[in-house]
Amino acid sequence: MAHIWDSLEFHYQASTLLILLLLLTLLFKWLTNRSNNTEPPSPPKIPIIGNLHQLGSYPHRTLRALANRYGPLMRIHLGSSPTIVVSSAAVAEEIMRTHDIAFSNRLESRIYKRLLYDRKDLLMAPYGEYWRQIRGVCATQLLSPTRVQSLHYIREEETDLMIQKIRQFGSYPFNLSQALEKVTNDIVCRASLGKRYSKEEEDSESHSKLHRVFQELNSLLGLFNIGEYIPWLDLINNFNGVNQRVEKNYHELDELLEEIIEDHVANRADRSKESGIVLLDVLLDCQNSQKEFSITRDSIKAIVLDVFAGGSDTTYVVLEWAMTELLRHPEALRKVQKEVRRIVGSKARVTRDDLAKMSYLKAVLKESMRLHPSVPLIPRASSQDVVVSGFTIPARTRVLINIWAIGSDPELWEEPEKFDPERFLNDGLADSHSSNDFKWMAFGGGRRRCPGETFGMALVEFVLASLLVNFDWSLPGEAKGTDLDMTEFIALALHRMHPLVVVASPSSS
C-alpha cells in the first residue's frame, strides 16, 4: 500500500513539475513575442469583413480617428486584405523616400485592369521597365513644362467662353460647379485630343455619347468593389450588374477612342497647322518612332484615359473647393482679388507672366488643397518585406497614405482646421508645387507622384485668376459664407455633396 502511495506521489510531483515547466515556457514565449512584436498595432476586426464596416462614407476621416488611437502606422483588415494606413508625414517620408522602390507598386484591381487596357496606362501600370519608359515619355514630352506652356492658348480660349456664359446670368444665381466641370473637361479634351467634346457641340449625338461614357468610366473607377477585399464575394458582380457595366463601358470606350484616333490621324496635318500640337500628336509620334521603345495603340488609349480620369475630375474639384473657401472667407477673397487685379491691370485677360507673380493666389490654392485634397488616400503596395518605423510590412500589402490626415495634423499645422493661405506665404512654399518635408502632398510623392501636376496647376491657376479678375462673387439672397454646406462625397475624387450656386457681378474695377 505504501508502495502505491509513493508511486502516486511521484507522479503528482512529476506532473506538477511538467505543468510548471509548460507555464514557464508559455510565459517566456509570450514575453519574447511581446518584446519582438514587429506587427503594427491594429484595431479589433470582425471575421470575414475585417474592418470594412469602420470605413463609412468618409474613410479618410474615420481612418484618422482610428490612427489617433492606434498610431500613425497601423494595420487594418479590409476583408481578407491586410492594409497599412499611414497618417503622419514622418512615416510617409519613410515609405515614399527611404523605401520608395519597395512601395512603388499598385495592387491589381480587376476593374482597373479591364478598363485601362491591362494596366498599360501610367497611373496603374506595375512598377518596372514599361512603367519607367512610359513615365519618361510623359515627363519629357507629354506633360513637360514646355508642352504645358504650348497649350496655353487652349486654356485662354475655353476660359474666355466660360466668362462670356457667366456674364449672361447677370445678377441671377447659377451653378458654378457645373461651369467649372465643363471648362475643365473642354480644356482637357482639346489639349489631349484636339477637339472639344461638349454636349453643346453640333454633332450632339456623338459628343453626348462621349460625355456619358467618360462619366461612366469615372463612376466605375471610383466604385467600391467588394470582390477585391473578399474574393469569394466577387461572384456578386455577375448578378448586381457591375461586370456587365464594366464590359459595356470598355467596348464603348474602345470604339470611341478608335474613331477619335483614326479621325485625328486622317486630319492631322491640317489640324496641326490650324490649332497646334496636342497630346495625342505626341503619343502618335512616339508610336511611329523607330527607337528601342515605342508606344502601342492600347498604350495610347490607356494614357488618354489617364488624362481624363486623372486630369479632369480631380482638377475641377480643386477649383470648386477653392471658390467655396473664398466665399466662406471674404477677407481672403478681397485680398486675392486685389492681388490679381493689381497684376493684370487694364489687360484684356490674365497672362502666363501674370500668374508667375500671383503668390497669394497660389497660396489660396495650396491651402484649399491641404484642406480638400482631390484624392485624400494615396494607394501603394509593397513588393517585398520592408521594415518601416520598426514594424515589418510583408510583401503584397496594401498601403493607404492618408494625406488628408497629414494635412490636418496639429503637430505640423497651427490651427489645421482654419483656412489660412498666409501659412504658405510665411513658409515660402506658395510658389512651389512640391514639399520636401511631406507635409503637403496634394500630388503624392516619390516615383509615383502625379505626372500631371504642372498641367493641372497651370489650368486651375489660370481659370481661378480669370474668375477673380472679371467678377465680384457672392451667395444668393442673404446667405453668408458660413451658411455653405461643406458636406463631402467621394467618387473618383473628393467632391462637394451639393453644387456651388453663386452670383457673379461684373467687376467694377
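**A walk from one proline outward**

You are looking at a predicted model, in which local features need pLDDT of at least 70 and side-chain atom pairs count only at pLDDT 80 or more, while totals for chains, interfaces and linings use all residues. Residues are numbered from 1 along each chain as its sequence is written, and side-chain values use heavy atoms, with hydrogens and water left out.

Now step back for the overall view. The protein chain has 20 helices and 11 strands; helices (H or I, at least four residues) and strands (E, at least two) are DSSP runs, numbered from the N terminus. Of its 509 residues, 50% are buried. Buried means under 20% relative accessible area, exposed means over 50%, and partly exposed lies in between, using a 1.4 Å probe and protein chains only. Among contacts in the protein chain with a separation of 6 or more, 75% join residues 24 or more positions apart.

Back to our proline. Pro506 sits in strand β11, and it counts as exposed because its relative accessibility is 52%. Pro506 also shows how the chain folds back: Trp473 is 33 residues away in sequence, yet the two C-alpha atoms are 8.9 Å apart in space.

What sheet does β11 belong to? Three strands form an open sheet in the order β3-β11-β8, with antiparallel pairing; two strands pair if DSSP finds at least two bridges between them. Strands β3 (174-175) and β8 (471-474) stand at the edges with a single partner strand each, so one side of each has no neighbour in the sheet. Between β8 and β11 (residues 501-506), which run antiparallel, there are 4 bridges.

Strand β1 (residues 73-78) joins strand β2 (residues 81-86) in the antiparallel sense over 6 bridges. In this pairing, Met74 stands opposite Val85 of β2. The hairpin has 2 residues between the strands, and Gly79 there takes a positive phi near 65°. Strand β1 is mostly covered, with 5 of its 6 residues buried.

Next come the helices. Two packed helices are described by the angle between their axes and the distance between the axes. Helix α8 (residues 176-193) packs with helix α13 (residues 297-311) at an angle of about 160°, and their axes are 10 Å apart. Axes are lines fitted to C-alpha atoms, for helices over the stretch in contact, and angles run from 0 to 180 degrees between N-to-C directions. The two helices are therefore roughly antiparallel; angles over 145 degrees get that name, while those under 35 are roughly parallel, 65 to 115 roughly perpendicular, and the rest oblique. On the α8 side, the contact is made by Thr184, Val188, Cys189, Ser192 and Leu193, and on the α13 side by Val304, Val307, Phe308 and Gly311.

Asn243 belongs to helix α10 (residues 242-266) and is buried, with a relative accessible area of 15%. Setting aside neighbours within four places in sequence, Asn243 is in contact with Arg110, Asn237 and Asn238. Lys362 lies in helix α17 (residues 359-371). Is Lys362 buried or exposed? It is buried, with a relative accessible area of 10%. Leu425 is 63 residues from Lys362 along the chain, and their C-alpha atoms are separated by 9.2 Å. Ser144 sits in the loop between α5 (129-142) and α6 (145-150). Ser144 is also buried, its relative accessible area being 10%, and it touches Cys138 and Ala139, not counting residues up to four places away in sequence.

Methods. Contact means heavy atoms within 4.5 Å.
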